Amino acid sequence: MKKYPLKLKLSLSYALVALLLVASVSLISNLFFRSQFEQYMIRQQDSKNREVVSQIEQQFDKSTADGREQVLETIGVSALERGLIIKVTDLAGTVLWDATVHNNGFCRQMRQNMAAEMQSRSPNFKGAYEEKDYTLLVGVKQEGTVSVGYYGPFYYSADDADFINTLNQVLLGVGFASLLLAILLGIYMAKRISDPIARAIGAAENIAKGNYQDKIHTASSTRELDRLTASINSLSTELENQEVLRKRLTTDIAHELRTPLTALQGNMEALIDGVWEPNTERFESCHEEILRLARLVADLERLSQLEDENTDLNLSLIDLRELADKALKSFEADLLKKQITVSVTGKPVYLEADADKLRQVFVNLISNCIKYTPDGGKIDVSLSQNRETAAIEITDTGTGIAREDLPFIFERFYRTDKSRNSRSGGSGIGLTIVKKIIGLHHGSITVESELNRGTKFFIVLPLHCSESRHGE
Ligand SMILES: Nc1ncnc2c1ncn2[C@@H]1O[C@H](COP(=O)(O)OP(=O)(O)O)[C@@H](O)[C@H]1O
Ligand SMILES: [Mg+2]
């Protein structure tokens with residue numbers, strides 16, 4: 001299909017609409033005007049005829065029988081000059097005066113002229129010589145009949161024809177002017193619409209090339225166009241952020257990998273060079289570094305799976321309390337070693353969720369609690385529910401988190417104390433994974449903490465995850 005520029009299409013459609021409008025308006029007004037004008041002219045003709053008749057009536061009474069012919073002739077001749085051929089008869093049928101008798105040649109000539117003139121002024125006009133009889137009334141008494149001959153149904157003069165022509169010209173002029181105006185307006189409007197679109201296209205092309213700085217600043221007065229530019233701007237901001245994140249992730253991962261690798265390399269070199277005795281303790285230390293690396297890679301893998309847009313939740317009805325108990329059981333040895341007491345409070349809470357993923361949430365949170373709680377501390381898991389949501393509170397009596405660190409603990413690789421963590425083996429991804437999983441379930445997680453007192457994680461989850469997903 002051939003593609004046309006928007007500007008051309010818009011201007012053409014404006015012009016077309018204007019053309020149709022002008023054509024229909026002039027057609028309708030022309031038809032309407034013509035019929036009105038014809039009726040007016042017919043009435044005009046009739047009153048012209050009656051005027052002559054009433055002139056005759058007025059004079060008829062005053063004059064004697066002899067003087068009558070003279071009077072009739074005066075009126076008749078003046079009527080003839082106005083295109084009326086008059087014949088007056090009395091009651092007995094005697095012709096008192098007849099224009100054709102008076103000047104037959106002139107009458108014939110006049111009829112021919114009128115027909116020819118009307119023909120030239122309006123070729124479609126169907127007119128002919130007509131005669132109409134009017135009663136001649138003197139007082140209330142009928143004295144005879146006046147027959148008026150004229151070119152009918154009406155005749156218009158050169159002045160009238162001029163008037164009609166002028167009117168038609170004005171109509172035509174108005175039509176052309178509005179057409180021209182419509183085309184100009186069309187071009188202007190098309191420009192107003194296509195310019196911002198062109199700008200948006202330019203910006204989108206720039207974004208495709210990786211130039212995120214090029215934002216569109218000009219506002220248009222069209223709501224949709226404003227939304228288009230706004231969404232392109234936010235698209236470019238979003239892409240820019242993604243780009244920054246991607247770069248940061250690479251440097252972060254490189255940084256995270258370097259520490260254990262350097263340690264391993266050092267250990268190995270010391271062993272090879274014979275600086276270190278190859279004993280079990282040395283090997284175990286190397287093995288630990290390798291485990292750390294493996295854990296980091298496993299965490300990253302899990303995170304990237306969760307970040308995959310197509311992550312599907314494997315939903316089933318689960319008992320939160322059972323899940324918490326199971327998760328705690330896997331830490332039995334650590335808890336025993338650190339003499340930490342654990343309590344789980346609250347009734348069983350059933351909700352629709354992905355069991356494996358929620359188990360991961362408990363494992364990550366409880367492992368943190370154990371890690372950051374000194375020997376002899378306490379961990380409490382409390383469950384509750386209301387009509388639509390389930391709540392989980394996990395509290396410990398551990399080291400707590402400094403206020404300035406709180407906003408960042410859910411971020412990837414964020415650890416409050418790097419040196420301590422590298423010893424304890426955390427990579428700073430545990431809470432990021434927790435937050436992702438809760439997000440996938442349309443829940444929320446918040447944290448409260450006080451240094452050296454303890455930390456409380458508070459999770460709210462919808463009971464019917466699939467419904468709140470549909471409700472988006
Ligand atoms: N229960 C807690 N008590 C004290 N600090 C915590 C607790 N949970 C998390 N943190 C802090 O949040 C940081 C991020 O936690 P996390 O993402 O699990 O990473 P990791 O456990 O690998 O260090 C931890 O390094 C720690 O500083
Ligand atoms: Mg952790």
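**Group meeting: domains, sheets and helices**

Hi everyone, let's start with the overall layout: the C-alpha centres of domain 1 and domain 3 lie 105 Å apart. The chain is assigned domain 1 (6–175), domain 2 (214–311) and domain 3 (313–470), with bounds from an automatic or database domain assignment.

Some housekeeping. This is a predicted model, where local features need pLDDT of at least 70, side-chain atom pairs count only at pLDDT 80 or more, and totals for chains, interfaces and linings use all residues. Residues are numbered from 1 along each chain as its sequence is written, chains are lettered from A and ligands numbered from 1 in the order in which they are written, and side-chain values use heavy atoms, leaving out hydrogens and water.

Strands here are DSSP runs (E, at least two residues), as are helices (H or I, at least four), numbered from the N terminus; two strands pair if DSSP finds at least two bridges between them.

Angles run from 0 to 180 degrees between N-to-C directions, using axes fitted to C-alpha atoms, for helices over the stretch in contact, and contact means heavy atoms within 4.5 Å.

Helix 1 (residues 6–62) also meets helix 5 (residues 158–209): their axes come within 8 Å and cross at roughly 160°. The two helices are therefore roughly antiparallel (that label needs an angle over 145 degrees). The residues of this contact are 23 nonpolar, eight polar and four charged. Nonpolar covers Ala, Val, Leu, Ile, Met, Phe, Trp, Tyr, Cys and Pro; charged covers Asp, Glu, Lys and Arg; the others, Gly among them, are polar.

Five strands make an open sheet in the order 6-8-9-11-10, with mixed pairing. Strand 6 (341–345) and strand 10 (444–450) are the edges, pairing on one side only. Strand 9 (residues 389–396) runs antiparallel to strand 11 (residues 454–462), joined by eight bridges, and I392 stands opposite I459 in strand 11. Helix 12 (residues 430–440) lies across strand 10 and strand 11, at about 140° to strand 10.

Terms used: Angles under 35 degrees count as roughly parallel, over 145 as roughly antiparallel, 65 to 115 as roughly perpendicular and the rest as oblique.
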